Amino acid sequence: MEEPLFLRADPAAVREAARAQLDRMRPEQRHVRGLFAGGTLCYQAQAIFAHARLTVHSNGPLHGMRELPDANQSRDDSLVDMGAEEFVQGRPHPMIDATLRRRRLEQEGQDPTVAVLLLDFVLGAISAGDPVGDLLGAIRGAQESNRRRGGHLCVAASVCGTDGDRQGLERQARALMDAGALVFPSAALAAGFCCEVRRQLAARKEAR
Amino acid sequence: MAARQPGEVVPLAELLQGKPVFVNVGVREFGDSLRQAGYEVVEVDWSPPAGGDAQLAALLDDLL
């Protein structure tokens, strides 16, 4: 796989990439929305946001974060665990069945205040056969909605897996990159990038 | 459950007849609810061998 920009441990390059994303956004785009296939990486992302002194809403808030009054409705910056109890009643976990995450992604795509979508994909024997493919249509749809509004939706993603997994790490990451997503070598770094975007969005607002 | 010899084959049905003893590998907190429920939990001190990527960790630190 050709080396993505973000494999280079170069903070300046990452900041510049964030800036390039912001340049294409409309002023009302200001929120980060993380839709996680499970709790662990959602908690990790919250811990990273907390470290960056950024507060988010979540349906599984870590200490110091805010609880979403309605897990089905994001508010401001939100990191949502789509594998939480309320989403798996009578249906398989989102690592297997992407239906609810796909619908939520479509919902976020309709929200003109969303600047960044943060997504995780987990490969392996207990995951769907094509986790990225299950969301690709919704990702492209959300990007298109933003384009029609004259904006740009940044999609920051990570794929947890190996080329030994049946879904293939390279194949999954490539499909995301082909769709214009920024693919990071870890979920932690994808969350860190979103913190940087969030900071730049706040600075842009203040500068106005 | 009677003490077993290492390598002894245990019929599957017997596993459900006595009070189970749990082996918890890694994060100790995962065994807490079992301990609170009165079960014996054997802890195995383990962490993933990967150790992380120092360069990427430094990048994340820098971004935060």
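**View 1. Strand E6 of chain A is covered on both of its faces.** In this predicted model, A:Cys154, A:Ala156, A:Ser158 and A:Cys160 on one side of E6(A), and A:Val155, A:Ala157 and A:Val159 on the other, are all buried. The strand spans residues 154-160, and seven of its seven residues are buried, so that E6(A) is mostly covered, a residue counting as buried when 20 or more other C-beta atoms lie within 10 Å of its own. Strand E5 (residues 114-122) of chain A runs parallel to E6(A) and is joined to it by seven bridges. Within this pairing, A:Leu118 has A:Ala156 of E6(A) as its bridge partner.

**View 2. Seven strands of chain A form an open sheet with parallel pairing.** Read across the sheet, the strands of chain A follow the order E3-E2-E4-E1-E5-E6-E7. Strand E3 (66-67) and strand E7 (182-184) of chain A stand at the edges, and because each has a single partner strand, one side of each is left without a neighbour in the sheet. Helix H5 (residues 169-178) of chain A packs on the sheet, where it touches E5, E6 and E7 of chain A, and the direction of this helix makes about 180° with that of E6(A). A:Ala173 lies in helix H5 of chain A, and this residue is buried, with 22 other C-beta atoms within 10 Å. Computed along the sequence, A:Ala173 and A:Gln29 are 144 residues apart, while in space they are 26 Å apart, C-alpha to C-alpha.

**View 3. Strand E1 of chain A is paired with E5(A) and with E4(A).** Six of the six residues of E1(A) are buried, so this strand is largely enclosed by the rest of the structure. Both of its faces are covered, with A:His31, A:Arg33 and A:Leu35 buried on one side and A:Val32, A:Gly34 and A:Phe36 buried on the other. Strand E1 (residues 31-36) of chain A pairs with E5(A) in the parallel sense over five bridges; in E5(A), A:Val114 is the bridge partner of A:His31, and A:Val116 is that of A:Val32. Strand E4 (residues 78-81) of chain A also runs parallel to E1(A), to which it is joined by four bridges, and here A:Arg33 stands opposite A:Ser78 in E4(A).

**View 4. Helices H3 and H4 of chain A run roughly parallel to each other.** The axes of helix H3 (residues 99-109) and helix H4 (residues 131-148) of chain A come within 8 Å and cross at roughly 5°; an angle under 35 degrees counts as roughly parallel, and H3(A) and H4(A) are therefore described in this way. From H3(A), the residues that take part in the contact are A:Arg101, A:Arg102, A:Leu105, A:Glu106, A:Glu108 and A:Gly109, and these meet A:Asp134, A:Leu135, A:Ala138, A:Ile139, A:Gly141, A:Ala142 and A:Ser145 in H4(A). Divided by class, the contact of H3(A) with H4(A) has five nonpolar, three polar and five charged residues.

View 5. On the side of H2(A), the contact involves A:Leu41, A:Gln44, A:Ala45, A:Ile48 and A:Phe49, which meet A:Ala187, A:Ala188, A:Ala191, A:Gly192 and A:Cys195 in H6(A). The residues of this contact between H2(A) and H6(A) divide into eight nonpolar, two polar and no charged.

**View 6. B:Pro20 is an exposed residue of chain B.** B:Pro20 is found in the segment before strand E1 (21-25) of chain B. This proline, B:Pro20, has 12 C-beta neighbours inside 10 Å and therefore counts as exposed. B:Pro20 and B:Ala37 are 17 residues apart in sequence, and their C-alpha atoms are 12 Å apart in space.

Key. Residues numbered from 1 in each chain as written. Chains lettered and ligands numbered in written order. Predicted model: local features only at pLDDT ≥ 70, side-chain atom pairs only at ≥ 80, totals over all residues. Axes fitted to C-alpha atoms, helices over the stretch in contact; angles between N-to-C directions. Helix = DSSP H or I, 4+ residues; strand = E, 2+ residues; numbered from the N terminus. Parallel < 35°, antiparallel > 145°, perpendicular 65-115°, else oblique. Contact = placed C-beta atoms within 7 Å. Nonpolar A, V, L, I, M, F, W, Y, C, P; charged D, E, K, R; others polar. Pairing = 2+ DSSP bridges.
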